[in-house]
Amino acid sequence: MGELEIQSLAVFCGSSAGKDPVYIEQATAFGKLLAENEITLVYGGAQVGCMGAVANACLQAGGRVIGVIPKKLQNVEIAHDKLSELYVVDTMHERKALMAEHADAFVALPGGAGTLEEWFEVFTWIQLDYHQKPCSLLNVADFFNPLLAMLDHTIEQGFMAEAYRDLFIVEKEPQALLERLKGYRHQHVSKWTENG
């Protein structure tokens, strides 16, 4: 079995810029990298914050960008009007389902509760074998370290199998993350082996 062919990648990230300029810098670098590798960016459809940065960088480098945004957030997150495709849906559930449908892999960049919720949903789905697409975190400036510590704590306390740690990829640099995603080999872990 060869490298995973990633033609599209769903990116979950903040509609805010964050306090440290490195968040926008790395979102920009990631968007450019996707375009250079001819990987379609699938994201939440906004033109603000890290969301806007990743989309703009991908577009400016000649990449293809698919946005999915709920009607309610069109004016709040400010829907991007220069995307390759923009889907306007009714609910957040539809947004996430359509993004997942269009993506071959998933990555979270720094963001807030929405970013974490979106990533945890696809991570839960891979645990339950609803998909076999790689899930990953771009750990910009160690942003996700507290989250990784929490996941380790859930393992230590017996709420998550240690093998699930191998179901997601963590890297600090965009290029390293992309290489890991391309080299991903899915390892099935039975959710019910230990807990019955």
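**Reading the features in turn**

Author: Let us start at a helix end, where threonine 91 caps the N-terminal end of α4, with a side-chain oxygen 3.4 Å from the backbone nitrogen of histidine 93. A polar contact here is a pair of N or O atoms within 3.5 Å, where within protein one must be able to donate a hydrogen and the other to accept it, and residues adjacent in sequence count only if both atoms are side-chain atoms. Helices (H or I, at least four residues) and strands (E, at least two) are DSSP runs, numbered from the N terminus. The model is predicted, so that local features need pLDDT of at least 70 and side-chain atom pairs count only at pLDDT 80 or more, while totals for chains, interfaces and linings use all residues. Residues are numbered from 1 along each chain as its sequence is written, and side-chain values use heavy atoms, with hydrogens and water left out.

Reader: Which residues of α4 are buried?

Author: Buried means under 20% relative accessible area, exposed over 50%, and partly exposed in between (1.4 Å probe, protein chains only). By that rule Arg95, Lys96, Leu98, Met99 and Ala100 are buried in α4.

Reader: How should I read the sheet, and in what order do the strands form it?

Author: Strands of a sheet pair through backbone hydrogen bonds, either parallel or antiparallel. Two strands count as paired if DSSP finds at least two bridges between them. In this model 7 strands make an open sheet, ordered β4-β3-β2-β1-β5-β6-β7, and the pairing is parallel. The edges are held by β4 (85-89) and β7 (168-171), each with a single partner strand, so one side of each is left without a neighbour in the sheet. From one strand to the next the twist averages 20°, where axes are lines fitted to C-alpha atoms, for helices over the stretch in contact, and angles run from 0 to 180 degrees between N-to-C directions.

Reader: Over how many bridges do β2 and β3 pair, and in which sense?

Author: Strand β2 (residues 40-43) and strand β3 (residues 65-70) pair in the parallel sense over 3 bridges, and tyrosine 43 stands opposite glycine 67 in β3. Helix α2 (residues 49-60) lies across β2 and β3, running at about 160° to β2. Helix α5 (residues 113-127) also packs on the sheet, touching β1 (8-12), β5 (106-108), β6 (135-138) and β7, and its direction makes about 150° with that of β6. Contact means heavy atoms within 4.5 Å.

Reader: Which residues touch the most other members of the largest nonpolar core?

Author: In soluble globular proteins, nonpolar side chains tend to be buried together. A nonpolar core is taken as a set of buried Ala, Val, Leu, Ile, Met, Phe, Trp, Tyr and Cys residues joined through side-chain atoms within 4.5 Å. The largest one has 62 residues, of which Leu9, Val11, Phe30 and Leu41 touch the most other members. Helix α1 (residues 22-36) gives the most to this core, with 7 residues. If residues up to four places away in sequence are not counted, valine 11 touches Phe30, Leu34, Leu41, Val42, Tyr43, Met99, Val107 and Leu109.

Reader: How many salt bridges does a search of the whole structure find?

Author: Side chains of opposite charge can pair when their charged atoms come close. A salt bridge is a side-chain nitrogen of Lys or Arg within 4 Å of a carboxyl oxygen of Asp or Glu, and the search finds 9 of them. In one, the side chains of glutamate 36 and lysine 32 meet (3.1 Å, N to O); being 4 residues apart in helix α1, they are separated by about one helical turn. In another, lysine 96 and glutamate 117 meet at 2.4 Å, N to O. That pair links distant parts of the chain, with lysine 96 in helix α4 (residues 92-102) and glutamate 117 in helix α5, 21 residues apart.

Reader: Are lysine 96 and glutamate 117 buried or partly exposed?

Author: Lysine 96 is buried, with a relative accessible area of 8%, whereas glutamate 117 counts as partly exposed at 35% relative accessibility.
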